[in-house]
Amino acid sequence: MISWNEITSRAENEGRTYLMEHECKELLEKQGISTTGASAARSSAEAVEISNRIGYPVVLKVLSPEVIHKSDAGGVKLNLKNAAEVERAFNEIETAFADKKLAGVAVQKMASPGLEAIIGVSRDPTFGPVLMFGLGGVFVEVLKDVSFRILPVTEADIDALIREIRGYTLLRGYRGTSVDLPALKELLLKISEMVMRYPEIREVDLNPVFLYTDGNVVVDARIFLEKPDAAAPRLSPERESTNLRGLFYPESLAVVGASDTPGKLGWNVFDNLLRHRFTGKLYPVNINAKTVQGVPAVASVREIDGPVDAAVILVPAAHTLKAFEECCQKGIKFIVIESAGFAETGEDGKNIEKELRRLAETYHCRFVGPNCSGIINTHHQMVQSIGTVGELRQGNIGLIAQAGVYAAGMLWGLRHTMDFAIVATIGNKADINETDILEYLGEDDFVEVVCMYLEDVKSGRRFIDVARDVAAKKPVIVLKSGRTEAGKKAVSSHTASLAGNDQIYDAAFRQAGIIRAADNEHMFGLARAFSKQPLPSGDGVLVVSYTGSWGVAAADALSLSGMKPAELDDETYRRLKEILPPYVGCHNPVDCTFDLNPVQLKEIIEVGLPSGNISSFIVILQAEILQSYVEELKKIDYQGKPILSCVPCKEFAISEVIALEQAGFPVYSTPEEAVAALSAMYRYAMGNC
Ligand code: ADP
Ligand code: MG
């Protein structure tokens, strides 16, 4: 049998980056994958001789480095039953492709019909090789019903890849037939292994693969090659990581560019640090001022007596390198560059970032930014934000954001209903990136929920590995902007044309167990639920409402999201009937009408709590008497069961909403939003994001 090297060097010698069908099938057979086979015939006599050997019926296909889509041009002759038909088909192909460089005609067995599938691999600039699976024909052509996973994959990833397509029911069984799922899984794993073994494979297209009740067979195959790019995402990246605790809990902090002039950014940052009573020593550094906001200042970090753990740099971009090098020389291990005017402005800025990276490597330090709004750690009373930030409550949410607004402008409002532990803005991420911070937040005991706002991801594979580890310990909620198709790519295979940027991110997030948010509102809605309430242990929900229509909306939303209004067991039914007024029907949702009041709500919840069918609660409350619920809801022992509330027009009862939120009860504007949050918690609890 011909080896991989022989096949690829033959292609290279002929100036081809594309392997022909018979070569691909040989390679696949070598991996233990079953194909229809294909032998090249140079003459009609040879074609007949091969057909006689393999047995009829056979298929003849044009073999040419210049013909990629064979059937389009009449290059596929199916179901040839005897020597005469083979001879005729051979001659027809030769005539039809007279102007093409022919490598012969492939003779292969005619496979018996099966369910047609497509399996492919393409390369993504962020994540590297990506595996695709879907059903063939109209499913892929029209419905684009395909799913993706980033390689390498685990068996669980393959299970999810198969289950995710809409046509999964066809695989599992339809009109009495089902396909051999274990064999399909094995085929997908073998393809992944092959691609991981040979990095020169750029794209693979197996289209179609016939799936049978017993086994499967690859009917057509294409492989595109490319010299492996040293700069491309590494296949098995090493985990280079630094323990970033010192960045979040420095005992001493220098602020280079701290200002004594109100209104300047250097003033804001130092003011934030003072007002939030930073836990540790603060050193303002300013060449012109003797004191900054009453604290004695020095002209350079080198003049500071004693060690300094971390520094914030706020000086203009042009002076940043000097300030940075002085910090390095002082032995500072973590530096946050908040100044702007770097890679985001052009080549000069990019070069400064390169130089910053070089210095960081030389001095073994790490830096955040530039062009960011610093780090906040409420448990260390450290607020480095560029914008003034009011009082923050110590909380359990960790937020990572590329954009500075999350640590200043938006935080001004968010802090009323969300309690953060750490907020880290990463700006241009010339050194420390989202994955480094995520890895650290996974370790921080105060952080119980992680939110990320991302525009892009660096070193995609490491991101998946780290996120998967963290998501196994605490929920990771990601909002990724730029969902539309970005960047042109050379599209030669079917797979590559289907692998849009957003689908790949989506696959990566699923693979890592990340909860994907659709927008800011959704992300914060999820964060409020996860950070304030325990996870539900089942799918049954008791809905209590003051309005029948919103109760029904909640029930609909629950059913659509994989949860359900809990069935009332006999005991719960009996006790509810006892406490409900005669005009309230004893069913779920419980519609108490406008008479719903806090004491009644408390009683209903307490009747529902012991029921094994009820794992969580959604309550729909009147905005006009919202304040009255706070104290009563606080009195209940929820026994580890979550409760989410929904208040129509909540934005007009904002102080009451804040009171409820601060008491630990998340409030949503609509039943759908409340259900979206609760069902995300349920899926996370079930290990299925
Ligand atoms: P193309 O280059 O156009 O994709 P294919 O090799 O996929 O050519 O052939 C086109 C179609 O012909 C396939 O989708 C499949 O339905 C059918 N076909 C091709 N080869 C075989 C075979 N060996 N056995 C059965 N059907 C085949
Ligand atoms: Mg094909």
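Buried here means under 20% relative accessible area, with exposed over 50% and partly exposed in between (1.4 Å probe, protein chains only). This is a predicted model: local features need pLDDT of at least 70, side-chain atom pairs count only at pLDDT 80 or more, and totals for chains, interfaces and linings use all residues. Residues are numbered from 1 along each chain as its sequence is written, and side-chain values use heavy atoms, leaving out hydrogens and water.

Q: What makes both faces of strand β30 count as covered?
A: I643 and S645 on one side are buried, and so are L644 and C646 on the other. In a regular strand, side chains alternate between the two faces of the sheet. β30 spans residues 643–646, a strand being a DSSP run of E, at least two residues, and a helix one of H or I, at least four, both numbered from the N terminus.

Q: How do you know that β29 and β30 pair?
A: Pairing takes at least two DSSP bridges between the strands. β29 (residues 616–620) and β30 have four, in the parallel sense, and V619 stands opposite S645.

Q: Why is the β29, α22, β30 unit called right-handed?
A: Right-handed means that, with the strands pointing away from the viewer, the path from the first strand over the helix to the second runs clockwise. The β-α-β unit with helix α22 (residues 627–634) is right-handed.

Q: What makes β30 and β31 a pair?
A: Two bridges join β30 to β31 (residues 667–668), and the strands run parallel. S645 stands opposite V667 there.

Key:
Chains lettered and ligands numbered in written order.
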